[in-house]
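Student: I would like to go through some strands and helices here. Can we take them one at a time?

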Amino acid sequence: MCGIVGYIGVEQAGPFLLDSLEKLEYRGYDSSGVCLNTGSELVVKKAKGKLEVLKQMTDSGKSLNGTVGIGHTRWATHGEPSDVNAHPHLSESGRFAVVHNGIIENYQELKDYLTSKGIVFRSETDTEVIAQLIEYYYKGDMIDTIIRVLGKLDGSYALGVITIESPDEIIAVRKESPLIIGLGNNENYIASDVTAILSKTKKICRLENNEIAILKKDSVRIVNLDREEIHKEAEIVSWDISSAQKGGYEHFMFKEIMEQPKAISETITPRIKNGRVVLDEISLSDDDIKKFNKINVLACGSAYHVGVVAKYIFEKMLRIPVEADLASEFRYRDPIVNDKTLTIVISQSGETADTKEAMKEARRRGSHIISIVNVVGSAIAVESNDVIYTWAGPEIAVATTKAYSTQLSVIYLIALYFGEKLGRIPAAEYKALVNELEQLPRKITQVLECKERVQYLASKYFNSKDIFFIGRNIDYALSLEGSLKLKEISYIHSEAYAAGELKHGTISLIEDGTPVIALATHEELIPKMVSNIEEVNTRGAQVICIACDDHPELKKLGETIFIPKVCDMLLPSLAVIPLQLFAYYIASLKGCDIDKPRNLAKSVTVE
Ligand code: G6P
């Protein structure tokens, strides 16, 4: 959702701001805007709709004047998407400008107060309250003013502030919403997301809650709410600029699908040493691990689907009961969680509001939290007891692929690590599993070769009204992901069903020609799946079956896509590839905006 950028330096700020807003588009937005400090006034340009509108309005930033500026992509929460509600917001006199990510919960109360003092508001946003408060309390010192204003705000925020009162600085502050400072040569930056500034610098500082940064072109000072100076070591971001560019691919999603072998290899290789899984990130002793009698997995969206796969794997291998929970549901159901419950939190962004709050709830109840996160230093990573990073690199397409796959590979690592500690996996089996896990990137490369076949199948079905996915066991968990991927980016109605449930009602939805994707990767479940496929076939379904090797019985029942045989645990990593490609090609044939599907945001930072 919303994105923030800011520039202070010797160059004109406009082109950089527009360029970096483009890098933040993937987060999801419905309006955008910039504000430049000319030295004598603050000039705001903002517009509802695609960034293209703002680009045309400003000649890609070139028509703007000023070496200090802030920019924003907004996802509407308070007030509809409109020109006036877009950020930046100015104070009444136009002397202060603010961009904001997050939500000010007590904004109405503050607005009523300021209105009673005669201040006139222009927008319906919560953010404008901040700009007006700054002006209301300003007595000549920006840091004092910001500290005073922060004392009035309830909620979450990352803020970028500029003012004609001190035209050579940007003030940045955060609470709960992420904000980083980029350090350049005679120029400095702020951004909500490192991808926005990767083209300029890899040297960054992360702001912590309630830290205030004062950026000038050649210095960055950070103070706390008591005005004490804070010294921070700069860190060098490992992500490369090329990973945030399309690199010749038509879409980020396709590039990210193709990057999966590398991403998985980078996630698992450093954690396998001499044939053993070593998770130095986990602070639990062997005795701690033995005391858990339940595992909770909390996540949203595709990350939740990884949790559903994890349930099957952990229960089978560890013999510990597992609940995979949608974070938004977990929070409000008075869950039974205590210090004997291990909680695994999964999130690509590490920012998803419901996941973060669910994690806090579990922690409050005494549970140990292991998070699986892609964005280093994100809120969930920082606030969990242990974090295992997925080294997927930046994921730009809204529909996740490589993050999902790397999350799955961390689940395998945890299963093996715990399995060994608990003595639940015989030595020979453990050795074979680790060996197969090491081969996984190569097997995925092999499966990616099915892309032409999947493209052909997509061309047969892209005009369908509904597409169903069925499977049993882990294949059911995968069906959920296949179906979500398809609806997210192609806008085709789709459902995933446990194949055994079909007869209990949902089979009535099958009509002549309805495509059904049947996952049948588990040998022992094939006879049951064959019956289910026959049931839909006789009602007119067109079946595409995803299975292992060249299975003759399944070939007779419809179209097939075969993946190589691997151990059961690793099957989801292979079977998900044709599902991702199927969704991609269907969306491409339908001419959809694949990387930025309508109404969706990459990071869902509101509940
Ligand atoms: C959004 C994204 C999904 C993602 C979900 C959870 O809906 O489009 O791809 O699975 O959020 O995000 P997280 O960052 O917590 O993994």
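Student: Which strands does helix H16 lie across, and at what angle does it run to E23?
Tutor: In this predicted model, helix H16 covers residues 474–490. It lies across E22, E23 and E24. Its direction relative to E23 is about 175°.

Student: Which strands does helix H17 touch, and what angle does its direction make with that of E24?
Tutor: Helix H17 spans residues 526–537 and packs on the sheet. It touches E22, E24 and strand E25 (542–548). With the direction of E24, its own makes about 175°.

Student: What is the order of the strands in the open sheet of five?
Tutor: The pairing in this sheet is parallel. Strand E23 (493–498) and strand E26 (559–563) are the edge strands, each pairing on one side only. The order is E23-E22-E24-E25-E26.

Student: In E24, which residue is the bridge partner of phenylalanine 469?
Tutor: Strand E22 (residues 466–471) and strand E24 (residues 515–520) run parallel and are joined by three bridges. Within E24, phenylalanine 469 has as its bridge partner isoleucine 517.

Student: Are the residues on the two sides of strand E9 buried or exposed?
Tutor: Buried means under 20% relative accessible area. One side of E9 (residues 180–183) carries Ile180 and Gly182, the other Ile181 and Leu183. Both faces are covered, and all four of these residues are buried.

Student: Which residue in the turn between E9 and E10 has a positive phi?
Tutor: Four bridges join E9 to strand E10 (residues 188–191), and the two run antiparallel. They form a hairpin with four residues between them. The residue with a positive phi, about 60°, is asparagine 186.

Definitions and conventions:
Residues are numbered from 1 along each chain as its sequence is written. This is a predicted model: local features need pLDDT of at least 70, side-chain atom pairs count only at pLDDT 80 or more; totals for chains, interfaces and linings use all residues. Side-chain values use heavy atoms; hydrogens and water are left out. Two strands pair if DSSP finds at least two bridges between them. Contact means heavy atoms within 4.5 Å. Axes are lines fitted to C-alpha atoms, for helices over the stretch in contact, and angles run from 0 to 180 degrees between N-to-C directions. Buried means under 20% relative accessible area, exposed over 50%, partly exposed in between (1.4 Å probe, protein chains only).
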